[in-house]
Amino acid sequence: IFTRERQRTMRSEKRNVEVSSESFVSMAVHAGQNATTVVHGILMGHFDQKITKIIKAIPVCHETPTKPLLQTALALASSADQGMVVVGWYIAPEKLDDKNPGPVPLRIVSNITTDEYEPVLILLDNDALVACLTGEAQKENVVKGFVKDFGQQWLEPVTLRISDEAKAVEVARSAFSDGIQVVDLTDHFEDSTRDWSVNSALTTYVAKLIN
């Protein structure tokens, strides 16, 4: 059990972010298959010493989320017995030239409650994402990480690393080209037979190519 003073200290520590290959592929394909709309999702993982480890990205919607949708998604993700906790939120903006988090994701991440460290906000850079998924060029910084700054907004850039990045980019491009579907919660609400929280088709696809 952490004291309040220790919790404040832990929350103020600047942390690096490590994104698993599967999480990167899931976020990239989710954004790619909904190229004309904003996409949102939950980041699951662990807080380890000075690193926030993102193990799984759970897609939530391809629209601006309502409060009931957010509450439902976070409750379902938190209750899943996967040995992980909610560590943040991700977004791919609707517009190609949006390079910074807007008010909606900033409000969402500020309302995510964690027991230890502050959550992280991940932003997908649409320009770099297009190049990544189409193979037009090898662009860096497809995903950017932000943590809380002194103004109490998630606008402070943080060092972010993607596990086996070159391979992850290759698999994301391949999954997008092969039409592997990422099912978000709104898709599941429209058709309850569609696999949402696990996204087994993508998980199996990534496991075969990464491992």
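Reader: Thanks! Let me start with a residue I clicked on: where is Leu 160 found?
Author: Leu 160 sits in strand 8, which spans residues 160-162. Keep in mind as we go that this is a predicted model.
Reader: Got it. Is Leu 160 buried, exposed or partly exposed?
Author: Leu 160 is partly exposed, because its relative accessible area is 23% and buried would mean under 20%.
Reader: And which residues is Leu 160 in contact with, leaving aside its neighbours within four places in sequence?
Author: Setting those neighbours aside, Leu 160 contacts Val 17, Val 19, Ile 122, Val 143, Lys 144 and Gly 145.
Reader: Let's go inside. How many residues does the largest nonpolar core have?
Author: That core has 39 residues. Phe 24, Val 25, Met 27, Leu 43, Ile 122 and Leu 124 have the most contacts inside it.
Reader: Which element gives the largest share of this core?
Author: Helix 2, residues 21-32, with six residues.
Reader: What does Phe 24 touch, apart from its neighbours within four places in sequence?
Author: Phe 24 is in contact with Val 19, Cys 132, Val 142, Val 143, Ile 162, Ala 168, Val 169 and Ala 172. There is also a second, separate core of 24 residues, and Val 38, Ile 42, Ala 77 and Ile 108 are among them.
Reader: New topic: which residues of helix 4 are buried?
Author: Pro 105, Leu 106, Ile 108 and Val 109. Those residues are on the same side of helix 4, because they cover an arc of only 165° around the axis.
Reader: What covers them?
Author: The cover includes strand 2, helix 3 (67-79), strand 4 (85-92) and strand 5.
Reader: How many aromatic pairs does a search of the whole structure find?
Author: One. The rings of Phe 47 and Tyr 117 have centres 5.6 Å apart and planes at 55°, so the pair is tilted. Phe 47 lies in strand 2 and Tyr 117 in the loop between helix 4 and strand 5, so the pair ties together parts that are 70 residues apart in sequence.
Reader: Are Phe 47 and Tyr 117 buried or exposed?
Author: Phe 47 is buried, and Tyr 117 is buried too.
Reader: Last one: at what angle do the axes of helix 5 and helix 6 cross?
Author: They cross at roughly 75° and come within 7 Å. Helix 5 and helix 6 are therefore roughly perpendicular to each other. Ala 131, Cys 132, Leu 133 and Thr 134 of helix 5 make the contact with Val 169, Ala 172, Arg 173 and Phe 176 of helix 6.

Terms used. Residues are numbered from 1 along each chain as its sequence is written. This is a predicted model: local features need pLDDT of at least 70, side-chain atom pairs count only at pLDDT 80 or more; totals for chains, interfaces and linings use all residues. Side-chain values use heavy atoms; hydrogens and water are left out. Rings of Phe, Tyr and Trp (its six-membered ring) pair if their centres lie within 6.5 Å; planes under 30 degrees apart count as stacked, over 60 as edge-to-face and the rest as tilted. Helices (H or I, at least four residues) and strands (E, at least two) are DSSP runs, numbered from the N terminus. Buried means under 20% relative accessible area, exposed over 50%, partly exposed in between (1.4 Å probe, protein chains only). The arc is that of the directions from the helix axis to the C-beta atoms. Contact means heavy atoms within 4.5 Å. A nonpolar core is a set of buried Ala, Val, Leu, Ile, Met, Phe, Trp, Tyr and Cys residues joined through side-chain atoms within 4.5 Å. Axes are lines fitted to C-alpha atoms, for helices over the stretch in contact, and angles run from 0 to 180 degrees between N-to-C directions. Angles under 35 degrees count as roughly parallel, over 145 as roughly antiparallel, 65 to 115 as roughly perpendicular and the rest as oblique.
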